[in-house]
Amino acid sequence: MRIYQGVDLIEVDRVKDACERHAAFGEDIFTEGETAYCRARPDPYPHLAGRFAVKEACLKAFGLGMGGFGATGKFREIEVESAPSGKPTLRLHGSMERIGKRRRIRQATVSISHTPAHAVATVILLGDDLPPGAAEGGASGEE
Ligand SMILES: CC(C)(COP(=O)(O)OP(=O)(O)OC[C@H]1O[C@@H](n2cnc3c(N)ncnc32)[C@H](O)[C@@H]1OP(=O)(O)O)[C@@H](O)C(=O)NCCC(=O)NCCS
């Protein structure tokens with residue numbers, strides 16, 4: 001069993017400013033489901049910032065640095081789904097899903113907390129042991 005962990009803390013105003021200055025920012029980063037969930041809240045920005053923190057925490061858990069990760073559109077491949085209880089679940093799509101399969105990830109947990117000023121998220125991935133010689137990988141060579 002292998003454990004991968006990532007954490008990220010972000011200022012809510014950074015996400016708010018980016019959303020307000022560049023209309024495309026939100027579309028590049030968040031899925032429709034994430035946007036709908038957050039926009040339904042009285043102040044969507046702590047919730048959006050929490051989801052942004054999840055995406056960065058997930059990249060950290062995978063050891064994928066921003067430099068090697070490529071287009072910001074990839075952020076949409078890391079999605080937070082919220083149960084009616086509010087409990088968040090991590091969903092990986094596209095190239096992130098493929099990376100997860102190569103790492104033999106079988107379970108992922110995510111936790112979010114926020115204040116009006118800051119949001120923090122942790123991501124923990126549990127994966128089966130990799131076969132001998134299999135590269136755990138980093139930013140390069142993993143789409
Ligand atoms: C879930 C709960 C702990 C959130 O705590 P909070 O201090 O209000 O808010 P935080 O900023 O720390 O966390 C908010 C995040 O918690 C997460 N969350 C909400 N419900 C959750 C649940 N059932 N399980 C896990 N995570 C949950 C969400 O990701 C939420 O952020 P989001 O709406 O942007 O997705 C709290 O709202 C709650 O409902 N607790 C239930 C237990 C309870 O009532 N205890 C009181 C006993 S005194």
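For the classes used here, Ala, Val, Leu, Ile, Met, Phe, Trp, Tyr, Cys and Pro count as nonpolar, Asp, Glu, Lys and Arg as charged, and the others, Gly among them, as polar. The model is a predicted one, in which local features need pLDDT of at least 70 and side-chain atom pairs count only at pLDDT 80 or more, while totals for chains, interfaces and linings use all residues. Residue numbers start from 1 along each chain as its sequence is written.

By class, the shell around the ligand comprises 2 nonpolar, 7 polar and 1 charged residues. Its members are His 47, Gly 50, Ser 82, Ser 85, Gly 86, Lys 87, Pro 88, Ile 112, Ser 113 and His 114, where a residue is near a molecule if its C-beta atom, placed from the backbone, lies within 6 Å of it. Strand 4 provides the largest share of this shell, 3 residues. Helices (H or I, at least four residues) and strands (E, at least two) are DSSP runs, numbered from the N terminus.

Gly 86 also belongs to the hairpin of strand 2 and strand 3, where 5 residues lie between the strands and Gly 86 takes a positive phi near 100°. Within strand 3, Leu 92 stands opposite Ile 78.

Ala 121 is in contact with Asp 8, Gly 50, Ala 53, Val 54, Ala 57, Val 110, Ser 111 and Ile 112, leaving aside its neighbours within four places in sequence; contact denotes C-beta atoms, placed from the backbone, within 7 Å.

Technical notes
Contact = placed C-beta atoms within 7 Å. Pairing = 2+ DSSP bridges.
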